[in-house]
Amino acid sequence: MNFKEKVETYMTIHEEKVRIVDRLTDRDTLISEITSRYEKHFAQEITRLDYLPDTSEVTEVVSLLRRLLFPGYFGEEDVHAASREGLAQSLVTEIAAKLSCQICRILNIETGKDSNCADMFGSADEICRVFLSKIPQIIEILMTDVQATYDGDPAAQNRHEIIFAYPGVFAISVYRLAHELHLLSVPLIPRMMTEYAHSLTGIDIHPGADIGHHFCIDHGTGIVIGETTRIGAYVKLYQGVTLGALSTRGGQSLRGARRHPTLQDEVTVYSGASILGGETVIGKGCVIGGNVFITQSVPANTRVNIKNHELEYRPV
């Protein structure tokens with residue numbers, strides 16, 4: 001199909017859409033009903049929704065931050081020694097401009113002030129300054145995560161493969177960035193960042209979780225780590241693990257309460273396990289077997305498995 005034919009096809013489809021709308025005998029009633037719902041549900045917020053963070057801009061900030069954390073892996077930049085300082089300066093400048101703008105927007109929503117207010121920009125700039133000052137420490141802890149993943153996976157060829165291709169490292173790196181913004185009390189944006197990683201990897205880590213160094217996620221799909229989870233150092237999780245709340249029936253009354261478990265250092269949790277509850281503590285060195293369901297604390301250096309789980313084999 002040539003260009004002219006494509007244009008004619010598009011116009012035909014567009015005209016058909018218009019005719020469908022025109023054939024709605026109750027079109028005016030429909031539009032009125034829709035707009036009345038706007039007034040009912042969004043009347044107070046709708047004048048300020050233009051100031052919500054831009055999803056595409058937040059996603060771009062994540063992309064830029066990954067280029068800053070792992071130079072040469074996710075961009076086309078020259079990373080030879082002579083150019084590294086210029087690369088870091090360029091990325092930091094671009095990140096600061098984009099992130100500060102998005103933080104300013106969400107602060108406007110939270111406070112109700114005019115988005116052009118000088119103190120709003122000042123607050124956003126200060127948050128960005130403090131956040132960017134944490135990048136060296138984030139790089140250090142992320143490299144422990146990369147090393148832990150390499151050490152624990154015999155299928156890994158090298159660290160390049162892990163940084164480039166492992167969904168666990170992608171999700172952890174986005175979490176560690178979002179967590180720093182969460183600690184700075186930035187609303188919404190940290191959750192947008194981790195949900196972006198969630199959408200790509202199937203790994204759901206709330207930015208409020210507290211996770212130690214040398215953290216390894218193997219395979220990763222289906223992992224859920226709740227907001228008040230505490231995870232020590234040298235912990236490894238396999239796919240399908242849930243570190244969740246025992247119950248959320250209390251809804252908003254549970255906000256701020258400890259709802260999710262604590263995993264102390266050197267814990268391994270195998271696939272499909274669920275560990276629930278804010279008072280549940282998995283002691284140092286424990287090994288939690290696949291598909292177990294735990295709602296009470298486990299002493300240090302304990303192995304937990306399902307007993308008498310038998311398979312039956314018979315001819316087809």
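I began with burial in this predicted model: of the 316 residues in the chain, 39% are buried. I then looked up the accessible surface, which comes to about 18,400 Å² for the chain. Carbon and sulfur atoms hold 53% of that surface.

Next I listed the secondary structure and found nine helices and 14 strands. For contacts with a separation of 6 or more, I noted that 46% join residues 24 or more positions apart.

I turned to one helix pair, H3 (residues 55–69) and H6 (residues 135–152). Their axes lie 10 Å apart, and the packing angle is about 70°. On the H3 side, I found the contact made by Leu 65, Leu 68 and Leu 69. On the H6 side, Ile 135, Ile 138, Ile 139 and Leu 142 make the contact. Sorted by class, I have seven nonpolar residues in the contact of H3 with H6, and no polar or charged ones.

Last, I checked the cysteines. How many disulfides does the structure hold? I found zero. A disulfide needs two cysteine sulfur atoms within 2.5 Å. For Cys 101, the closest cysteine sulfur is in Cys 104, 6.9 Å away, which is too far for a bond. For Cys 128, the closest is in Cys 101, and at 9.9 Å that is also too far.

Cys 101 is partly exposed, at 37%.

Technical notes:
Residues numbered from 1 in each chain as written. Predicted model: local features only at pLDDT ≥ 70, side-chain atom pairs only at ≥ 80, totals over all residues. Heavy atoms only, no water. Axes fitted to C-alpha atoms, helices over the stretch in contact; angles between N-to-C directions. Helix = DSSP H or I, 4+ residues; strand = E, 2+ residues; numbered from the N terminus. Contact = heavy atoms within 4.5 Å. Nonpolar A, V, L, I, M, F, W, Y, C, P; charged D, E, K, R; others polar. Buried < 20%, exposed > 50% of the residue type's maximum accessible area, 1.4 Å probe, protein only. Areas by Shrake-Rupley, 256 points an atom, 1.4 Å probe, with all protein chains shown as cover.
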